[in-house]
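Hello,

Here is the structure we talked about handing over. My notes on it follow below.

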Amino acid sequence: MYRVPTQEGKLCVVTGANSGTGKEAARRLAGAGANVVLAVRNLDKGATAREEIVEEFPAAALEVRELDLADLASVERFATALTHENVPIDVLLNNGGVMMPPTRMASADGFELQFATNFLGHFALTLRLLPLLLAAAGPTVTTMSSSAAAVGRIKFDDLQRQRHYRPFAAYAQSKLADLLFAQHLALLATERDWDLMSNAAHPGYTRTNLFDAGANLGRKKPKRSIFGDLRYLPAQEVAQGTEPMLFGATSPDATNGAYYGPRGPMGLTGPTTLVRTPRSARHPEVAARLWSVAEGLTGVTVPASL
Ligand SMILES: NC(=O)c1ccc[n+]([C@@H]2O[C@H](COP(=O)([O-])OP(=O)(O)OC[C@H]3O[C@@H](n4cnc5c(N)ncnc54)[C@H](OP(=O)(O)O)[C@@H]3O)[C@@H](O)[C@H]2O)c1
């Protein structure tokens, strides 16, 4: 089991921290002594997660803050509040996500929900938090992708999937966008000589709420769990599935631009390893184009002062 090195004195921000890999990451970071911001869209769920962690680590420094990744105004409020407090951020985990709503759904800003939540929200959040990240010593941004990124395609002519919505294709696009984002941020850090590491991770196939939460959006009657459909695939528990992200964010061996995931069968389970970036993500020109499109869509750019 990967042991998070001491995080005493560090501030870590975790999105989607009330459930699944986000909650587990918050728990392990808090256990290693970090101050952790649980960035959640539902404050009650965030408070419950906080209580569970505090029960295990009574001295844990955990703060629950509201962040709806599918609402750029919420992202701005969250980042502005932290900016006013002016505390450097050592670790940002871009983890929150939604998978495969059965019909095309839109974010508060009118973007396809998965593209908005998984990618655009994290894009805007990271750029808005860059000054606080760069104020820390050796900050890290680790972005959660997925093995689905390997079959994703960035459809620049229909990014919002308005013409033809297929739940998995839209999910795969959003997760490929996450991976391209992490890589482009790594490149920018190198070009601009920032002391910032950006890498990406995926959890293989980990038992969390992900597979039911999205699939049930907009349904009156809950759908049978899609875990049933995937029962022949090897799956792992959340403690193991969170490790690639924790490794990317906290290991002294983690590197800028790297991608971490499980090393077991089909990359679905097992201990963490450096994984090959899928062919779909080996296109720096696509990453740069996507970055500039995201700047246009979110209205957020790298602050000129940096
Ligand atoms: N589990 C896997 O096998 C697997 C595989 C590949 C990639 N991933 C990725 O791993 C990450 C974590 O997912 P998980 O497996 O831990 O699933 P999960 O248990 O469903 O957790 C997802 C988290 O994201 C939050 N979230 C969803 N929409 C949000 C929004 N608009 N604003 C803020 N937070 C939002 C959820 O909050 P609520 O509780 O309020 O909905 C929840 O806290 C995701 O990026 C997912 O794509 C997971």
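**Aromatic rings**

A search of the whole structure finds nine aromatic pairs, where rings of Phe, Tyr and Trp (its six-membered ring) pair if their centres lie within 6.5 Å, and planes under 30 degrees apart count as stacked, over 60 as edge-to-face and the rest as tilted. The F115 and F119 pair is tilted, because the ring centres are 5.2 Å apart and the planes stand at 55°. These two residues sit four apart in helix α4 (residues 113-134), so about one helical turn separates them. Helices (H or I, at least four residues) and strands (E, at least two) are DSSP runs, numbered from the N terminus. F115 and F119 are both buried, meaning under 20% relative accessible area, with exposed over 50% and partly exposed in between (1.4 Å probe, protein chains only).

The rings of Y205 and F211 also have centres 5.2 Å apart, but with planes at 80° that pair is edge-to-face. Y205 is buried at 5% relative accessibility, and F211 is buried at 10%.

One aromatic cluster is made up of F115, F119, F123, F181 and W291.

This is a predicted model, in which local features need pLDDT of at least 70 and side-chain atom pairs count only at pLDDT 80 or more, while totals for chains, interfaces and linings use all residues. Residues are numbered from 1 along each chain as its sequence is written, and side-chain values use heavy atoms, with hydrogens and water left out.

**Ligand**

The ligand is surrounded by 28 residues, of which the closest are S19, R41, N95, T206 and T208; a residue counts as near if one of its heavy atoms lies within 4 Å. S19 has a polar side-chain atom 2.5 Å from a ligand oxygen atom. In the side chain of R41, an N or O atom is 2.7 Å from an oxygen atom of the ligand. D68 places a polar side-chain atom 2.9 Å from a ligand nitrogen atom. On its own the ligand has 890 Å² of accessible area, and the protein covers 95% of that (Shrake-Rupley method, 1.4 Å probe).

**L67**

L67 lies in the loop between β3 (61-66) and α3 (72-85). L67 is buried, at 3% relative accessibility. Leaving out residues up to four places away in sequence, L67 touches T15, A39, V40, R41, S74, V75, F78 and L125 (heavy atoms within 4.5 Å).

Regards

Key. Polar contact = N/O pair within 3.5 Å; in protein donor to acceptor, adjacent residues only side chain to side chain.
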